[in-house]
Amino acid sequence: MFDQDHPGHNRWHPDIPAAATVKPGEDFRMDCREWTDGQILNTDDANDVRDVDLSINHVLSGPVAIEGAEPGDILVVDVLDLGPHLPGTAPDGLAGAGWGYTGIFAKENGGGFLTDYFPGAHKAIWDFHGIYATSRHIPGVRFAGIGHPGLFGCAPSHELLAEWNRREQALIDTDPERIPPLALPPNPDNALLGTMSGAEYEKAASEATRTVPPRDHGGNMDIKNLSRGCRAYLPVYVDGAKLSVGDLHFSQGDGEISFCGAIEMGGWIEFGVDLIKGGMAKYGMKTPFFKPGPIEPRYSEFLCFTGISVEDGVNYYMDATVAYRQAALNAITYLSKLGYTEEQAYLLLSAAPIEARYSGMVDIPNACASIYIPTAIFDFDISPSSEELVSRDLGSQATTT
Ligand code: ZN
């Protein structure tokens with residue numbers, strides 16, 4: 001991404017110049033690099049996940065200016081289609097050229113949702129077969145991905161950028177010794193800001209925010225249902241809106257729990273854009289909303305695991321995050337009884353199209369969360385066998401004595 005004639009960017013800043021301009025009503029295609037800019041390889045070890053340079057990410061394509069967009073408008077973004085680069089259309093060494101990956105981040109890299117239980121780096125490579133994915137590292141599963149952009153949004157205004165930095169620094173300051181920190185402050189190392197250079201670049205690089213968290217504008221929301229055919233409504237904060245996109249996912253489970261935890265890929269995406277003038281005030285918009293598309297893969301049968309907000313003998317009052325973590329751990333333990341390693345199960349929960357729900361959120365003191373695993377993604381039956389039921393008495397045939 002750094003070497004392109006029109007480089008993208010890996011930080012948010014209002015002054016990054018638009019790389020292209022489109023009109024409301026126009027459709028257009030953007031190509032995206034995989035989010036680490038090609039650091040993860042199609043290999044059988046996870047050294048690259050362990051050693052990944054996280055000052056590089058996320059490499060984003062754009063920004064694209066939309067003619068006539070002004071602060072306070074809603075940018076209507078249709079996700080018309082997307083897909084991976086095919087072998088031969090991108091260098092074979094790059095994720096997206098017929099393959100993608102899911103990684104468990106090592107603890108020293110900040111880890112994922114279950115880092116305390118899985119501190120080491122792991123990786124699964126997925127091969128793409130049209131809409132389906134299989135993995136030599138997780139045998140016995142094959143599923144259609146719900147492809148989506150993990151990350152897209154419009155540029156913040158200077159005021160909003162300052163607010164992001166203020167509130168995230170305040171969070172960091174509550175526990176400044178913590179490693180990794182509670183949030184990532186601006187980091188000029190490897191900051192890529194489109195074509196910005198010189199003193200203007202230096203100033204912007206020192207204040208541009210990282211792309212990791214979802215924020216008011218959307219950004220890294222990692223919502224798997226922002227898929228083909230969805231219509232997203234995004235807040236506009238600067239003239240031209242300046243839409244950027246990246247972190248394409250072939251598939252992802254709700255929560256993306258292993259952190260680089262979707263099936264990460266480079267690829268292409270087609271957008272259509274339009275504007276609702278003054279829409280933010282009209283609809284009271286603070287953060288994006290969207291209409292899911294019509295052609296997601298539909299699964300009808302699930303095995304569902306539950307979790308409550310109790311961890312290591314401690315009762316956490318109505319803590320939905322703890323409840324979700326416990327649901328994930330309970331699902332991993334179950335899958336490990338079927339022959340998978342716990343790391344394979346963790347990668348699978350993160351990458352496959354699992355559904356996660358907040359369930360009971362009112363019954364003090366325990367929140368309840370649930371994880372729905374589509375049973376059809378396995379080529380064997382993962383449910384407890386009905387033959388194990390005590391009541392399953394088939395009777396005994398009358399026989400001669
Ligand atoms: Zn991603």
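**Note on the ring contacts**

1. Phe-128 counts as buried, with a relative accessibility of 13%. Buried here is under 20% relative accessible area, with over 50% called exposed and anything in between partly exposed (1.4 Å probe, protein chains only). Phe-250 is also buried, at 6%.

2. Bear in mind that this is a predicted model: local features need pLDDT of at least 70 and side-chain atom pairs pLDDT 80 or more, while totals for chains, interfaces and linings use all residues. Numbering runs from 1 along each chain as its sequence is written, and side-chain values use heavy atoms, leaving out hydrogens and water.

3. Rings of Phe, Tyr and Trp (its six-membered ring) pair when their centres lie within 6.5 Å; planes under 30 degrees apart are stacked, over 60 edge-to-face, the rest tilted. That gives 15 aromatic pairs. One of them, Phe-128 with Phe-250, is stacked, at 4.0 Å between centres and 5° between planes. Phe-128 sits in strand β6 (122-129) and Phe-250 in the loop between β13 (243-249) and β14 (259-264), so this pair ties together parts 122 residues apart in sequence.

4. Tyr-340 and Phe-378 make a tilted pair, 6.5 Å centre to centre with 50° between the planes. Tyr-340 is in the loop between α5 (320-336) and α6 (342-351), and Phe-378 in the segment after β21 (368-374), 38 residues apart. Helices (H or I, at least four residues) and strands (E, at least two) are DSSP runs numbered from the N terminus. Both rings, Tyr-340 and Phe-378, are buried.

5. Have a look at Phe-28, Phe-152 and Phe-271 too: ring pairs link them into a cluster.

6. For charges over rings, NZ of Lys or CZ of Arg must be within 6 Å of the ring centre and within 35 degrees of the ring normal. Arg-142 lies over the face of Tyr-132, 3.9 Å from the ring centre, and the charged end of Arg-215 is over the ring of Trp-164, at 4.9 Å from its centre.
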